[in-house]
Structure formats: structure tokens, C-alpha cells
Amino acid sequence: MILLVPVRVRGSMARSTAYSILDNFKITSPEVPAKLILKQYGRLFYFSGFCEESRNDFGFCRYDGHEYQIFINRDLAGSIGNFPYAHELGHIVLNHFIDFDTNYLSDRQLWLLNREADIFATNFLMPEPLICKYVNMPITSVREIGQYKNGFGVSWEALINRLDELHLCTRERIENIFATEKKSFEQTAAAYK
């Protein structure tokens, strides 16, 4: 068996694989059940605190040639929604553990594989057709952004990045919404002092 060495991020493959998995599982609305789908590919375990094997603190995956073991940091996963589950699923369905010997890759090569898993996770949890169908434009409030964040089961950062990436609502526009509401809240609070 000849193992490959990653040389570039295969973004279009990661994106099309995400859409293929969504299609296979007949996912047509948010929130994508990433944890449930991941469990169909391997055994899921949790850890707390720091783990030497986890390069990103959120989780990691092992493959022994027969079975995937997925480890998710229960302390951090709640703050970022389904992303750790989708990210590890990305590594599995993109064949990172079959095509590459991850024990012998450079930091740059591992970064390429992690970037592919991130692209997979983004498109898996927030596919463009679902974003366009369920996110009403223009976005005008923090509450609205929060509802979409919860509906897609992702973090604030992940949703904001996706809206910006799809050119639906720029990061600058969202920052202005947050700043305007914060200023309004502060003025209201000052009026009651």
C-alpha cells in the first residue's frame, strides 16, 4: 500500500463529500445530526481537560485499520456546537487515515488535512442551500443571529464565518449589528440609573 503525502487543500472534494453524505442521510433541514452520523462510522469516546493526542483541544480520531475511535473533549465541545463531531467525521470520510500515515506527516501536512476536515464540517453543518433557505436576509439583530446559530447547532464564530464566506452578510456588517445593540443596551441601562 502506497500512502500519499498531502500537498494542497482539496476544498472542492471536501465540499462535494459533505454534500454527498448529507444526501446519503437525506438531510434537508438544520440541525444536522453530526454526532449521530459520526457514531455510524466509529466508536465515540469523551475526554476532559488536556489530551496530548489532541492537537486542537477539541478532539481527535484514531484508526487501527479496522475501526475508528473518535475522542471529543466534553469540556469544550458544548461551546462550539456540532463542529468537533463534523470535523472528525470529515477526517474519516475524506480517508485521511487510509490515504495518509498521519503519524509521519509534518505540521504543514497535518494542517492541510485539518483544513480539509474544516471545509467538510462547514459545508456539512451549514450547506449553502440550507443557509439560503433558512436564513432570512437581511439580518438585523443579534437575536436573529443567535437563532440561526442555535438552529444550525454551531458556534457564533462558525455561523458568522459562513455568512461572510457566502457573501450573505459580511463580518463587518455583523460587527456593526453587535456594536449598535451594545450601545443601545448601554444607553437604556444608563437611563435607569
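Hi everyone. Helices here are DSSP runs of H or I with at least four residues, strands are runs of E with at least two, and both are numbered from the N terminus. With that in hand, Leu4 sits in the segment before helix 1, which spans 11–24.

A word on the source. This is a predicted model, where local features need pLDDT of at least 70 and side-chain atom pairs count only at pLDDT 80 or more, while totals for chains, interfaces and linings use all residues. Residues are numbered from 1 along each chain as its sequence is written, and side-chain values use heavy atoms, with hydrogens and water left out.

Now the overall picture. The chain has 10 helices and three strands, and from the N terminus on the order is α-α-β-β-β-α-α-α-α-α-α-α-α. Its C-alpha atoms fill a box of roughly 70 × 35 × 30 Å along the principal axes. Of the 193 residues, 44% are buried; buried means under 20% relative accessible area with a 1.4 Å probe and protein chains only, exposed means over 50%, and partly exposed is in between.

Back to Leu4. At 46% relative accessibility, Leu4 counts as partly exposed. Which residues does Leu4 touch, leaving out those up to four places away in sequence? They are Asp99 and Phe100, with contact meaning heavy atoms within 4.5 Å. The C-alpha atoms of Leu4 and Ile98 are 9.3 Å apart, although 94 residues separate the two along the chain.

Next, helix 4, residues 83–93. All 11 of its 11 residues are buried, so this helix is largely enclosed by the rest of the structure. Among them are Phe83, Tyr85, His87, Glu88 and His91. Just after helix 4, Asn95 takes a positive phi of about 60 degrees.

Rings of Phe, Tyr and Trp (its six-membered ring) pair if their centres lie within 6.5 Å; planes under 30 degrees apart are stacked, over 60 edge-to-face, and the rest tilted. The count by this rule is seven aromatic pairs. Phe47 and Phe60 have ring centres 5.8 Å apart and planes at 45 degrees, so that pair is tilted. Phe47 belongs to strand 1 (42–47) and Phe60 to strand 2 (59–63), so the pair ties together parts 13 residues apart in sequence.

How is the pair of Phe60 and Phe71 arranged? Their centres are 4.7 Å apart with planes at 10 degrees, so this pair is stacked. Phe71 lies in strand 3 (68–73), so here strands 2 and 3 are tied together. Both Phe60 and Phe71 are buried. Phe45, Phe47, Phe60 and Phe71 form one aromatic cluster.

Thanks, everyone!
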